[in-house]
Amino acid sequence: MSSTKPIKPHIQSTKIDTLYPSYDVIVIGAGIAGLICAAFLAKSGKKALLIEQHFIPGGYCTSFKRKGFLFDAAVHHIGGCGKWSVVGRCFKMLGIEMDFYHLDPMDNLIFPTFSIEIPADLDEYLLRLQKRYPHEKDNIKWFFQDFIRLYRATFHNEKSQIIEKYKDMTYGMMLDHFFDDSELKMVLSGQWGYVGLAPSKASAIAMSQMMINYLKDGAFFPKGGTQEFANAIFRKFIDFGGHVMLSSKVKKILKKGPSVSGVKLNDDKEIHSSVVVSNIDARQTFYHLLNDENDVDAVYLKNIEGMKESCSFFLLYLGIGKGIDLNTLKRGFYLSGSNFDSIDSEWMYISVPTSICQALSPQNKQIISIVVYKKEEFYKNVTDWELLKQNIVSSTLERLESYLPDIKKHIEIIEVATPKTLERYTLNTNGAAYGWAVSVDQIWEQRLSPTTPISGLYLAGHWTRPGPGICAVVSSGWSVANLILKNWR
C-alpha cells in the first residue's frame, strides 16, 4: 500500500444552503456499506446525499479519543484488504490509497489447556493442523477443499452443487461430517465470534465466508486506527461531489404510490429522490421510517418480524501507563470452553493495537481492547445496567490479571460499552453486532435481498446479503451501487 499519511478529512456536513432540493440517490446511514455505495454512485456522476445520525461516519468502524488514547470502537481488524481481495479491489476502483499493517499471525486461539497460532496463510495453516492431528490428515484436506469451494460459490453469488450440499447445514454439522476429533473441531470453531453465532447454530456458508476470507488473505489494521478506514471512503465520496448531513436523523421515508419519493428529517425538512438506500437496522427501516400499515407488503413484514438479530457484546477500552510489558499478551480469542460441546461458552477477544500502531497512544503508553461475549440470557432483562457494567469490568480485569499479573496497577483509563451503548449509537435492535444472526434460515437466499417490495428502496449492510463483517458489507455496498446503476441504464 502507499506510504501516504493517514487521511484526516474535515468531518463536517455539507452547508445547508448548498444542499439540493432533490437528489438522484439518498443513502441513510454512513456505515461502511453506505459509504461505499454512496461513493460509487457519486463516482458515476449521480447526485448523492448521505444522511447519518452520528457526528462521524463509519458505524461500528469508528474511533474515539480519551486523554491522548485513540480507541477503536468495535472493529479491531479488517479482512480482504489484499491487492486482489474485495476491499483491495474496491479501494483501487475508487482511487483510495491508505496504509494497512498486515497481521501475522492472523489470530491466536487460547483455550484453558492449550493454544493455537493461526498464520496469515491458508496453506500453512492446513499443514500445521495436519501435523498436529495426523490421524485426521486426509479429512483436513477434504474439509478445506469443500470449504474453499463453498466460499468461492458464495463469493460469486452462484447456485451450485456445493451450495446445495451445505445451504441447510450448520457449521457444527459440517464439522461432524468430516471429523471425529473433538479438539480439532474445537480449533476449527474457535473464531466463531467473528460471525456472532456458535457452530451448533451458525450456517456453514457464513463460516466459510468469514474464515476463508481471513485465512487466504490475512487480517489488516488501518494505519491510524479504524476511523481512518471510514474517513478514507468518506473523503473520496466528498471528492466525487457527494453531499452529507451528519448529526441528522431521518424521520420518515416518503412514498408516492408504490415508489419512494425521498425522506423527511426530524426537523420535518423534506428532501426528494426516486432512489433511497437504507444502510440501517432493517426493523428501524420498515417499522419506524415506513410506519403506515399500507407502506409495506404484509408478507414481507411478517418475514422480518420472525427474523432474529445477532448477539451483542460488552467492550472494554483500557489505557495502560508506563512500566509493563504487554508482549506476552497474544491477540486473539480467549475461550472458556474445554471441548467442542462447550465451544459456545463465554469468551473474550483481546487485542493490543499499540503493538501494531504506537501512534494510537501517548508515548510509552499502550492500549488493550477487550470484547466480552456473554450469552443473551445474561443481559436480556437487565434493570440496572450500571451495576452490570461494574460487574463485567471487575470479572474481566480479574481474568486479564491471570495473564498479566498486576495489570490493574497500570490502568489509567477504563471505558466500557454495553449492548445498550451499541444500540444508542447505531440504533441496531438490542445492540446487534452483526445484523441478523447468521443461522441457516437467515443466510444466503434466506437473508433479506438488497431489493425490496417498494420500488426505488434498496438495502445495504449486514442486514442484507451477503452478511456481517467489514469485507461483506463492502461487497454489499458495492453490489447495491452496481444494481442501482444497472437499473438506471
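1. Strand β7 is joined to strand β10 (residues 219–222) by four bridges, and the two run antiparallel. Within this pairing, His102 has Phe220 of β10 as its bridge partner.

2. The β7–β10 pair belongs to an open sheet of three strands, ordered β6-β10-β7, with antiparallel pairing. The edges are taken by β6 (78–79) and β7 (100–103); each has a single partner strand, so one side of each remains without a neighbour in the sheet. In general terms, strands of a sheet pair through backbone hydrogen bonds, in either a parallel or an antiparallel manner.

3. On confidence, the protein chain has an average pLDDT of 94, and 97% of the residues score at least 70. Where pLDDT is low, the predicted coordinates should not be read in detail.

4. Phe64 is placed opposite Phe71 of β5. The two strands form a hairpin with two residues between them, and Lys67 adopts a positive phi near 50° there.

5. Tyr300, Leu301 and Ile304 are buried in α11. Viewed down the helix axis, the buried residues of α11 fall within an arc of 95°, so they line one face of the helix. These buried residues pack against α10 and β21 (457–459). Ala298, Val299, Lys302 and Glu305, on the other side of α11, are exposed.

6. Val299 and Tyr194 are 105 residues apart in sequence, and their C-alpha atoms are 31 Å apart in space.

7. Where is Asn279 located, and is the residue buried or exposed? Asn279 lies in the loop between β15 (276–278) and α10 (282–289). With a relative accessible area of 12%, Asn279 is buried. Its side chain reaches the backbone oxygen of Gly29 at 3.3 Å. Leaving aside residues up to four places away in sequence, Asn279 touches Ile28, Gly29, Ala30, Gly31, Ile32, Ala33 and Gly34, together with Ala460 and Gly461.

8. The structure holds 20 salt bridges. One of them joins Arg128 and Glu124, whose closest N and O atoms are 2.9 Å apart. The two residues are four places apart in helix α3 (residues 122–132), so about one helical turn separates them. Both ends are partly exposed: Arg128 has a relative accessible area of 34%, and Glu124 has one of 31%. Glu117, Glu124 and Arg128 are linked in a network of salt bridges.

9. Lys308 forms a salt bridge with Glu376, with the closest N and O atoms 3.0 Å apart. Lys308 sits in the loop between α11 and β16 (314–320), whereas Glu376 sits in the loop between β19 (366–373) and α12 (385–403); the pair therefore ties together parts that are 68 residues apart in sequence. Lys308 is partly exposed at a relative accessible area of 37%, and Glu376 is partly exposed at 29%.

10. The loop between β19 and α12 also contains Lys375. A salt bridge links Asp344 and Lys375, the closest N and O atoms being 3.6 Å apart. Asp344 lies in the loop between β17 (332–335) and β18 (347–351), so this pair ties together parts that are 31 residues apart in sequence. Asp344 counts as partly exposed at 25% relative accessibility; Lys375, with a relative accessible area of 34%, is partly exposed.

Definitions and conventions
Residues numbered from 1 in each chain as written. Predicted model: local features only at pLDDT ≥ 70, side-chain atom pairs only at ≥ 80, totals over all residues. Heavy atoms only, no water. pLDDT = per-residue confidence, 0-100. Pairing = 2+ DSSP bridges. Buried < 20%, exposed > 50% of the residue type's maximum accessible area, 1.4 Å probe, protein only. Polar contact = N/O pair within 3.5 Å; in protein donor to acceptor, adjacent residues only side chain to side chain. Contact = heavy atoms within 4.5 Å. Salt bridge = Lys/Arg side-chain N within 4 Å of Asp/Glu carboxyl O. Arc of directions from axis to C-beta.
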